[in-house]
Amino acid sequence: MNKKHKKNRNVAIIGVGQTVYSSHREDVNQPEMIHEAVSLALKDAGLTMDDIDCVVHGNMELFEMVHQPDMWHTIGDGAYGKSAFRLTTGGTTGATLVSAADNLVASGMYDVVMAVGFEKLQEGHTTGGITNMADPLWTRHLQTGALTGATASYMIQEFGEERAKRAAMKHRIDMDKHAVLNPNSHRSFGLDYDQMDDLIKNSPQLAGELRLIHMCSQSDGACVVIMASEEKAKKLSNKPVWIRDHITIHREENFSTMFTYDMDERDPTTHRVAAERLFERNGIKDPVEYFNVFEMYDPSSWWGLDWLRDFFLLEGDEVLTMVESDDFKIGGKIPVNPSGGVTSANPIGATAMIRVAEAALQVRGDAGGHQVPGEVNHALASGFGGTYWTVLFMLEKNLDWQKGEQ
Amino acid sequence: MSEYYGTTVEDIFKTQNKRFRAEGSEGVDAVFAYDVQGEGGGRWKLTIKDGACATEKLDSDDFGEYSVKITVDAETFVGVTIGKIDGTEAFTAGKLKVDGQIPLMMELPKLFTKYAPPGKEVTAADILATSESRFQPENAEGLDITVGYNLAGDGGGQWTAVIKDGTCKLEEGLRDNLTVCNIVKAKDFVDLMLGKLDPIVAFGAGRLRLVGDMEIAQRLPKIFSKFKSNASEPVEELIMLKKIISVDMKYSTGPTMGKFLNGLKEKKILANVCPKCGRKQLPPRECCAVCRCDVDEFVEVGPEGIVTYCDIIYYASPDPLTGETRETPYGALFVLLDGCKDREALWHLLKKEDLVDVKRGDRVRPVWVENPTGSVYDIIYFEKVR
């Protein structure tokens, strides 16, 4: 299954732009909002639109009820008169956009490609859009959007009620403490650990033990990442961040099988399969040791906590011990989501791209108030969406990993 | 009374009855209890019935019967009311707690118009205090002048703007030998600065007198940029277009799902079985994705089974097939029908009355409509076998 995965040529991220994330951007329309991120990314890279060969654009299908919004957005994203593509893969869209742009550059088709992810969730009906993703023959009737208490329930069964609930809430507060440091955050509540028991008990329930405080926001915003071939990147950028490898895994046949877990055994999730395959083909034995930071797509604190054990190949209660020992906080053993993550900002079509963008800023040392201490040479970033689709990225500061390869 | 953002909790409740919209209250019979805590707080009770609203301030914490109770600290309450704090975020962070019939909170914007703090009137002193920041040195190059403001009447006074070496300083009082002096009533001055009074008209009518160097007087609008007041300057409205899309759809079911749905007409639940790996698919899928082969054999399973998991949903998401908001809480049920194993569970709904004690391993059976038509609605829900 794990075929050799070699790039035709190396690709680097040379520019990143993000709008401020917010619950309401009534002050601008969609192309105007996207343009903010495009301008910031061009400025970050020191380029103009003349330097961009191709634009890859995407967001969630139908969340704003605009068909092919790339046509409307042509003057906002600068695609006018250029090669342009539109992609949409659900929650993974932002990560898929970066994957596609990386592939377009690596193939030799284009030298400099700009990926544009956005969402303006206040304009449409997110739940109306998301329930439309289930098949209309059976599952659509039952679908509850992105809400499930299943993960909470299984973790409580596995680790005991008190420990599991406290770990999930500790993780939530850790993420909020990171969000406070990020000026782009949509939500930073200023939560503190003394609120833990109150929130565990009193935060309104959405589905089972998944409570409002655990869940991500609905945000407006756009993110842009500019990628270039090795030759161009070295000319254009002082701080190129190399995209070493990425993998996309789909394992559910459709919605009806998503939550039909085996009663006693936890099936390997797409996250674990993605991590195992990606790390194996890159010779990574211990991801916690190897990576310096991880920007993870965590739609809720329960999912975040559960999935960390998949991405880091953890066993037993290791993930709980790590969250209890502050290992995932800025300054910890392996900081997770120094940006605050998805629970702090979630403009969905941009969300997975923000993970890659933030990981790249960490590698560059340009993350500002939420920069993790110490050298960041190796970063991991993930996207999640649809019927448990996973996209996983490895970013590198130095072009040195190929020395060991054949 | 403690003020937050220049407003007290009392200010807000005082206007409650005035802000009530009878037209938005049709069919609403509810009592909203507000426990506003901390300095400047208090307890209020809003009773909405028969198209009228009664606001009552309570002396004790005995609210009596209420439909929904809001517990919040005074600062957050004022902040949310006047739009300085996002209500959803305060609710999420646990700063604003709602107890009882939470969906009633969604009715509030229909029941009351938004509270608007009474606007504070701009005074001549307020406007002149911004002179230094409105000064445009590039338009005052080489000038060494004094500009006087002799403002009569309520809110009046005397001031001098001293412009020299590309800087501007405002002083109280009138200097001698002013380059130019504005003589005007304070009220007219404010209206002039806010654009409510036309300067030509005011000048022509003698309400504005300018004494001294008229050339300099004419340059004043360039030397000082326009005064902008947040309170009184109407900001151009950014128009929000509202659309509702409603479309009829029809979906082909195909032979595989068609066979399954036809089975429901006879109150039979059919799974299809992969000839290679032997797993059952429920609802049937058009092929086996793992073995990549056709799956033609169908077997009847159930109708009873055991619960593998039940998601209790408290968030009122709409039913995408009808657009109706579902009644909460409801149970999204995964049931392993007799004859199925491992991950072959079927997803459906649980009877409301069974939500209280549903657990893994419970035995359940489908409850059918009288005349099934071959749709997901043929099974109303599953109920516990007791």
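Which residue of chain A forms a salt bridge with Lys97(B)? The partner is Asp198(A), and the closest N and O atoms of the pair are 3.2 Å apart. A salt bridge here is a side-chain nitrogen of Lys or Arg within 4 Å of a carboxyl oxygen of Asp or Glu.

This is a predicted model, in which local features need pLDDT of at least 70 and side-chain atom pairs count only at pLDDT 80 or more, while totals for chains, interfaces and linings use all residues. Residues are numbered from 1 along each chain as its sequence is written, chains are lettered from A and ligands numbered from 1 in the order in which they are written, and side-chain values use heavy atoms, with hydrogens and water left out.

**The interface of chain B and chain A**

- The rule finds 1 salt bridge across this interface.
- It also finds 13 residue pairs in polar contact, both residues being at pLDDT 80 or more; a polar contact is a pair of N or O atoms within 3.5 Å, where within protein one must be able to donate a hydrogen and the other to accept it, and residues adjacent in sequence count only if both atoms are side-chain atoms.
- On the side of chain B that touches chain A, at least two residues each come from α4 (87-92), α11 (254-265), β16 (305-313), β17 (330-337) and β18 (346-350); helices (H or I, at least four residues) and strands (E, at least two) are DSSP runs numbered from the N terminus.
- The largest share of that side, 7 residues, is supplied by β16(B).
- Contact, meaning heavy atoms within 4.5 Å, involves 51 residues from chain B and 52 residues from chain A.
- About 4600 Å² is buried between the two chains, and carbon and sulfur atoms give 64% of this area; buried area is the accessible area (1.4 Å probe) that two parts lose on being put together, summed over both.

**Chain B as a whole**

- Chain B contains 11 helices and 20 strands.
- Its C-alpha trace spans about 105 × 55 × 35 Å along the principal axes.
- Of the 386 residues in chain B, 42% are buried, that is, under 20% relative accessible area (1.4 Å probe, protein chains only).

**Helix α12 of chain A**

- In helix α12 (residues 301-311) of chain A, 11 of the 11 residues are buried.
- Among them are Trp302(A), Trp303(A), Trp307(A) and also Asp306(A) and Arg309(A).
- Just after α12(A), Leu313(A) has a positive phi of about 55°.

Definitions and conventions: Buried < 20%, exposed > 50% of the residue type's maximum accessible area, 1.4 Å probe, protein only.
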